[in-house]
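Several labels are used for a protein model, and each rests on a stated rule.

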Amino acid sequence: MHFKPADGHVGDVIPFYWNREYHAFYLKRQERRDLYWAHAVSNDLVHWKELPTAIDLGGPEDPDAKGCWTGSVIEHEGTFHLFYTGHNLNRAKYPPQTVCHATSLDLIRWEKDSLNPVVVPDPSWYENDDWRDPFVFWNDEEECYWMLIAARVEDAATPRRGCIAVAKSKNLKDWKVHPPLWAPYLVYAPECPDLFRIGTLWYLVYSNMETRYRRAESLEGPWLRFPVESFDDIRFYAAKTLSDGKRRFLLGWIPSQEGESDEGRWEWGGHMALPREIVVQPDRSLGVQCPKEVRGSFREVLIKPGTTVEYEAGTGTWSIENVGLVGGMKDGSAFVGLRRVPSDYFLEATVTLDSSAASAGFMIRMSDRLENGYTLTLEPSAHRAAFRYWRTWGEPQPHVERPLDIRPGQPLECRMIVEGTVFEAFFDDKIAMSARMYNHREGGLFLFVQNGQARFDNLFLAS
C-alpha cells in the first residue's frame, strides 16, 4: 500500500490522471546514482504497478547530466508534454538548473526535446542558480499556458528571497519569462509549486519543510494564509495534486531513516505516502481525508461498530457503554488492551475527552509489559496530536505533531493506518500525520486516558 520500488526509494511524486488511471511519476533515489524519473500506475490508489523509467539522465554535455528533477505532465491534442528540471554543474554551458521538455504518445515512452533546455532564468528578475520544479497549466483567463517555477528573486535584503516565477506560452514550445507570481520573502525557495482552482478561489501549493498552501481570489494575489497552512507534518514532503475530474488528491512521500532505525537521521526519499483526498472546509480552507479506496482495501474485519469490544483490563476503571469503551483515572493513566490485533491494520474510532482529561489516545505496537512501542496522543491543552517513541522513563518529545482543535465533550474522528514501518493518521477529515516505526514491527494495541475520562466509540479494526 505504501509504494516503494524494490531497488530504490520514492522521492518527489509528480501525479497525473489519464483514462481512469492514476500515474505517479517520481524521483527515484538509488545508491551511487543521480535522481531520475521513475513511473508507477494504479487504478485504485492502493495497488501500484511499476512501469519503465520515464526520463533518465542525459550525457555529460546535456542539461540533465547530473539529475532529472521535479516537474509536471500535461496533455495537448493527443500528445503528452513532460516538463522537468535538468541539473548540470557545467556552469560554462548551462545554469545549474534549467527547465527541460519531453513528449510522449502513450505516457510510457518519452522523447526528450532536442532544444533542451527550453526555459532558463531571466536575470532581469531571477537568480541564476535556483530554477526548478516547473508546473504547467492552461490559463483560461489569458488563453495561454503558464509555467510556475521555484526560483529566487535576483536581489533582496534577505536570503529568504524564494519566489514562484512565471513563464508563458501559446504553444508549449516558445516560452517567455515574466515577473514572479509570488515573492513573499518568507522562504529560501518555495519548492514543487502546484496550482488549482476550486470555486472562486485559487489554491497555490508549495513545499518548505512541510507541504503548504495559500489562497487568492485571483492570480494577481494577494496570496493569503489560513491559520493552519500545512496539510501534514514535516515527514510528508513535496506533495503535488491531481484531479480525476470529481475529486482532487495530494500525493507525497515519507522519508526513510538511516539504518532503518528509530534513532536514525531522516533521509531524502522513502515510501510514497497514502494519497490524501482534499476536502474544502466551510471556511474554504483545505483539509485532507483518507480516501474511501484506502479504507475499503482492508477487508478482514476484526472489530466493527455495533458489536461488543473485547478488551483486557490494565489500569484505571473501564466499562462498555452503548458498545463503546469508557475509561479513565482521575490522578493517573488508565489503559486497556484490545485483543486479536495484527501488526498491520486500519483503525477507526471516535474519541471524546471530558473536561478534566489531560490526554487520551492509542498505544501502538506495544510490548506485553509496555516497555517499548509508540503512542498517538490527543492533547487538548497543547491543541495538538502528537506521535511519540514510547519510553518507560520520562516523557519524550513528540517525534511529529500536528495542530488539532480538541474540545471537551466534542467527538473527534480518528483514522490510523499501521503498515510495515509507516504510520499515518487522519483527524476529522481535516488534519493528517505521518511517521516512521522501525524498531518495533509488532506488538499490542492499547487505548489510554490520562487524568480524566474519555470515550472510544465506533471502533472499527480491519487488516
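**Labels and their cut-offs**

A search of the whole structure finds zero disulfides. The model is a predicted one, in which local features need pLDDT of at least 70 and side-chain atom pairs count only at pLDDT 80 or more, while totals for chains, interfaces and linings use all residues. Residues are numbered from 1 along each chain as its sequence is written, and side-chain values use heavy atoms, with hydrogens and water left out.

Q: Why is Cys144 called buried?
A: Buried means under 20% relative accessible area, exposed over 50%, and partly exposed in between (1.4 Å probe, protein chains only). Cys144 has a relative accessible area of 6%, so Cys144 is buried. Cys163, with a relative accessible area of 0%, is therefore buried.

Q: What makes Asp174 count as exposed?
A: Asp174 has 54% relative accessibility and therefore counts as exposed. Asp174 is found in the loop between strand 11 (162–169) and strand 12 (176–182); strands are DSSP runs of E, at least two residues long, numbered from the N terminus. The C-alpha atoms of Asp174 and Tyr438 are separated by 49 Å, and these residues are 264 apart along the chain.

Q: Why do strand 13 and strand 15 stand at the edges?
A: The open sheet has three strands in the order 13-14-15, with antiparallel pairing. Strand 13 (191–198) and strand 15 (210–216) each have a single partner strand, so one side of each is left without a neighbour in the sheet.

Q: What makes a space a pocket or a cavity?
A: On a 1 Å grid over the protein atoms alone, a cavity is a set of points where a 1.4 Å probe fits but cannot get out; a pocket is an open set with protein on both sides within 12 Å along at least five of seven lines. Lining residues have an atom within 4 Å of a point. A volume is the space filled by probe spheres set on the points, which are joined across faces, edges and corners. The largest pocket has about 620 Å³ of space. Of the 24 residues lining the largest pocket, the closest to its centre are Phe135, Val136, Phe137, Leu195 and Arg248.

Q: How many cavities of 30 Å³ or more are there?
A: The count comes to one. The largest cavity has a volume of about 30 Å³, and is lined by Asp405, Ile406, Arg407, Gln410, Pro411, Leu412 and Asp428.

How values were computed:
Two strands pair if DSSP finds at least two bridges between them. Helices (H or I, at least four residues) and strands (E, at least two) are DSSP runs, numbered from the N terminus. A disulfide is a pair of cysteine sulfur atoms within 2.5 Å.
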